[in-house]
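Keep the 3D view open as you read, and try to find each part for yourself.

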Amino acid sequence: MMFCDRCLANNYMNPNQQCVECMTGAVCDEQGVTLANMATKFGYYRFEASAVEVYGCPTPLNCIGGSLLNTSRGGCGVGADGPLCSQCMEGYYMDSLEMKCMACELEASEASEADVEDEEGGVSNIVALLIVLGVVAAIVVCGVVAVKRSEKVNELMQRFGTWKARNRQKLNLFYAQVTVVVVTIQTVMLMASNHEAAGGEGFPPIYAGFLRCLAFLQLDFVGFLPGLPCVSVFRGYYNNVLFQTIAMTLFGLGCVVGWLKRRREDHPVAHASLTLFVVGARFALAAVSRTICSGFRCGYFDAGKRGVETFLLADLAVSCESTQYKAMLVYLLAMMLIFPIGLPLGALIKLWQLKPHLNLLGEVEKTRGIVKKKSLRERHEDRQSRKKAKFKDHDVDEDFRRAKEELKALNHTESLVLIDTSPLQPLFRHYRKGFSWWYDVADVTRRLGLTCATLLFTHVNHFLLFSIAVACFSLAAHTEMEPYKHRELNSLASIMHWQNLMCLVTLLMRDANMYEGDSYQMI
């Protein structure tokens, strides 16, 4: 007798008693597969036996697969738990290099899970506390030693000041070059994370390993520093966003307090404290803003008989229906107004107020022939003449100083004072006339677009279309405008723009499966 009550291989019986093709990530190698006995492949997850959808795990090594009927914790590996096995149990932490949950202590992997939950949490807290106390003790000891040897310290500081003044041009150029390189690598890393969150492939293993060594540039110090991920107070999205925003706010307040104290004492460079915040914000703004913006992305998941459940994609332990999350949204909106919107807008307003004075300085520089935009042929002829005559480049910082002296001689003292005492000097110092008051803010906006605005896209094709368009436009604009005074900076910035574009092209090729085959096994 034939009853037709079982589905063939590669098919399963749905709740309507129909045989349909198996979804990606499900195991349907044999006949008679139903939702109740369906197993998942390695790296995939189902919420429960009645759920139809199968989801890829954000950390595939945590999802061991198997049948929900005989697998503990829904097919999660040792130490992993929660939706899509994205959370680590007490006594374990998410290793950023291994990309799976690892035991905080070696003994934890050999102990039972009950022992881990009771004992290792306390041990990891003690270890982290000892690390913090050790750092504080080292700072105190260094301070005491510095006080005892103040004469020697003063002598060293004087030597350092002399060396710094002698190499001022090289140091300023080096700082600008380091800034361009660091913010580009940071942008690539955050952009790649958004690409994977949209369902795309990651970078080739070799380049991905290189980027993981620079994971601290994402300001995820909780996941990067040893010991901290094992302390419960540092776990989760809530703690991460609070840590980053509060640390950034306290840093800003500390700089303001330092500025007020110096101004009260009539310090000649009282604005240096605020300049320090500007420098720090240039490095940290993209990472902090992305952490804030990722708090608005919720995903919908098929939980079987429980219906559809929503979780925060940045931390699947957070339910988007909870009152705690709704309260956090108010805080996130306030942080949005302060960081990704308020800081660039405030800088642009202050630079707009400085625009007449910056243009006046730029006119003096242009009159002296310091920063003249040349054609490709003229630039080629200059390079050839420098090779023949072994002529060194302009000392742009020295020319900048002389231009300010000319402003003083022309009785433009007000412009000179405003430029010299502006904490925004890192944002305009290296740019030519016409670009000094807006280009750096536009570049920050570009980075925010690639790292934060791309979080809006849930489909990888939309993500790539937007990102490649932004990267191409930015590259073309920079190539045509050459906004920097230094030729070296213009060349380096062009290379970094190409770096962004080529990384996006690589991700596009990975998504299109162009890296299949033995010849691409290494990459």
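This is a predicted model: local features need pLDDT of at least 70, side-chain atom pairs count only at pLDDT 80 or more; totals for chains, interfaces and linings use all residues.

## Two helices side by side

Helix H7 (residues 236–264) packs against helix H8 (residues 272–293) at an angle of about 165 degrees, and their axes are 10 Å apart. Angles over 145 degrees count as roughly antiparallel, so that is what we call H7 and H8.

How does H7 pass H8, in a left-handed or a right-handed crossing? The crossing is left-handed. As for what sits in the contact of H7 with H8, sorting the residues by class gives 16 nonpolar, eight polar and one charged.

## A sheet of three strands

Next, look for the open sheet built from three strands. Their order is S12-S13-S14, with antiparallel pairing. Strand S12 (298–302) and strand S14 (315–319) are the edge strands, so to speak: each of them pairs on one side only. If you ignore direction, neighbouring strands in this sheet are turned by 50 degrees against each other on average. Here's a handy rule while you look: side chains in a regular strand alternate between the two faces of the sheet.

Now zoom in on the pairings. S12 and S13 are joined by five bridges in the antiparallel sense, and in one of these pairings Tyr300 has Thr310 in S13 as its bridge partner. These two strands make a hairpin, with five residues between them. In the turn you'll find Gly304, which has a positive phi of about 70 degrees.

## Empty spaces inside

Rolling a probe the size of a water molecule over the atoms shows where empty space is left. How many cavities of 30 Å³ or more does a search of the whole structure find? It turns up four. The largest cavity has a volume of about 190 Å³.

What surrounds that largest cavity? Its lining has 18 residues, and Val180, Val183, Asp443, Arg446 and Tyr484 are the ones nearest its centre. Helix H4 (168–197), helix H14 (439–451) and helix H16 (487–511) each provide at least two lining residues. H14 gives the largest share, with six residues.

Terms used: Residues are numbered from 1 along each chain as its sequence is written. Side-chain values use heavy atoms; hydrogens and water are left out. On a 1 Å grid over the protein atoms alone, a cavity is a set of points where a 1.4 Å probe fits but cannot get out, and a pocket is an open set with protein on both sides within 12 Å along at least five of seven lines; lining residues have an atom within 4 Å of a point. Grid points are joined across faces, edges and corners, and a volume is the space filled by probe spheres set on the points. Helices (H or I, at least four residues) and strands (E, at least two) are DSSP runs, numbered from the N terminus. Two strands pair if DSSP finds at least two bridges between them. Axes are lines fitted to C-alpha atoms, for helices over the stretch in contact, and angles run from 0 to 180 degrees between N-to-C directions. Angles under 35 degrees count as roughly parallel, over 145 as roughly antiparallel, 65 to 115 as roughly perpendicular and the rest as oblique. A crossing is left-handed if the near helix is turned anticlockwise from the far one by less than a right angle, and right-handed if clockwise. Ala, Val, Leu, Ile, Met, Phe, Trp, Tyr, Cys and Pro count as nonpolar, Asp, Glu, Lys and Arg as charged, and the others, Gly among them, as polar.
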